Amino acid sequence: MSEYNEKLSEVIRSVGVVPVIALNDAKKAVPLAKALLAGGVPCIEVTFRTAAAEDAIKAINAEVPEMYLGAGTVISIEQAEKAVAAGARFIVSPGLDEEIVRWCQERDIAVFPGTCTATEVQRAVKLGLTTLKFFPAEAAGGVNMIKNLCGPFPQVRFMTTGGISMANIAQYQACKFVVAVGGSWMAKSDAIDAEKWDEITAKCKEAVAAMKR
């Protein structure tokens, strides 16, 4: 593991939250990243759900280099290539795609594939991964499911996304198998579009405080 990946892992664990962002306008990327930093969140997952994702990653990489910058909803090698070329340093996918995992491993890029079953976790462990995305968290059984999965796989830790908010974040904070939670509630699309940077900063501070251990 590279020094950068070790630091990334440390940051994710210490902060406990990873905002999952769908940007419709790449021009909002830099002020958004600065708002997250002001809220104590030095990491971001920019999803490839929108056409602006690639340019948004480029902008953040160029102007906010202190941000730990990742690409989410990566479902193909082509998207992974675009994300990394734009400046992403970690890759998150909704499911376990072994080709994407191997592509990232060959380039020493941190990768967090989505899992929610014992079969998927077992495949991921076989690939040498121990920190995985648990998605969709609430729909797949939430903390109870995580605890059951970590019975046979005690070495695994999860970044959880899907249905998490301030209403249930305490459950995940209390689970020793959860290293971080992800979601869009800290920076919703309407707040980004309206440039409510102070509101986003406040929500980030609230989330970080809730995940402190």
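In this predicted model, Ile21 touches Leu32, Ile44, Glu45, Val46, Thr47, Ala187 and Ile192, leaving out residues up to four places away in sequence. Ile21 sits in strand β1, and with a relative accessibility of 0% it counts as buried, because anything under 20% does. Take Thr47 from that list of contacts: along the chain, Ile21 and Thr47 are 26 residues apart, yet from C-alpha to C-alpha they are 5.9 Å apart in space.

Two packed helices are described by the angle between their axes and the distance between the axes. For α2 and α3, the axes come within 8 Å and cross at roughly 55 degrees. That angle makes α2 oblique to α3. The crossing of α2 past α3 is right-handed. On the α2 side the contact is made by Ala29, Val30 and Ala33, and on the α3 side by Ala56, Ala59, Ile60 and Glu63. Sorted by class, the residues of this contact are 6 nonpolar, no polar and 1 charged.

Helix α3 also packs against α4. Here α3 (residues 53-63) and α4 (residues 77-86) meet at an angle of about 25 degrees, and their axes are 8 Å apart. So is α3 roughly parallel or oblique to α4? With angles under 35 degrees counting as roughly parallel, α3 is roughly parallel to α4. This crossing, of α3 and α4, is right-handed. From α3 the contact takes Glu54, Ile57, Lys58 and Asn61, and from α4 it takes Lys82, Ala83 and Ala86. The class count for the contact of α3 with α4 is 3 nonpolar, 1 polar and 3 charged residues.

Now for the strands. Strand β3 (residues 68-72) is joined to β4 by 2 bridges, and the two strands run parallel. Ala71 has Ile91 in β4 as its bridge partner. In a regular strand the side chains alternate between the two faces of the sheet. Strand β4 (residues 90-93) is covered on both faces: Phe90 and Val92 are buried on one side, and Ile91 and Ser93 are buried on the other.

Most residues other than glycine have a negative phi, and most peptide bonds are trans. Thr73, in the loop between β3 and α4, is not a glycine but has a positive phi of about 50 degrees. Glu195 also has a positive phi, near 55 degrees, and is likewise a residue other than glycine. Its place is in the loop between α9 (189-193) and α10 (197-211). Glu195 counts as partly exposed, because its relative accessible area of 44% falls between 20% and 50%. As for the peptide bonds, the one from Phe135 to Pro136 is cis, with omega near -5 degrees. Pro136 is found in the loop between β6 (131-134) and α7 (142-149).

Two further loop residues are worth a look. Setting aside residues up to four places away in sequence, Thr50 touches Ala22, Leu23 and Asn24. Asp108 belongs to the loop between α5 (98-106) and β5 (110-115). Asp108 is partly exposed, with a relative accessible area of 38%. Apart from its neighbours within four places in sequence, Asp108 is in contact with Met1, Ser2 and Asn5. Ile57, which takes part in the contact of α3 with α4, is 51 residues from Asp108 along the chain, and the C-alpha atoms of Asp108 and Ile57 are separated by 19 Å.

Definitions and conventions: Residues numbered from 1 in each chain as written. Predicted model: local features only at pLDDT ≥ 70, side-chain atom pairs only at ≥ 80, totals over all residues. Heavy atoms only, no water. Axes fitted to C-alpha atoms, helices over the stretch in contact; angles between N-to-C directions. Helix = DSSP H or I, 4+ residues; strand = E, 2+ residues; numbered from the N terminus. Parallel < 35°, antiparallel > 145°, perpendicular 65-115°, else oblique. Left-handed = near helix turned anticlockwise from the far one by under 90°. Contact = heavy atoms within 4.5 Å. Nonpolar A, V, L, I, M, F, W, Y, C, P; charged D, E, K, R; others polar. Buried < 20%, exposed > 50% of the residue type's maximum accessible area, 1.4 Å probe, protein only. Pairing = 2+ DSSP bridges.
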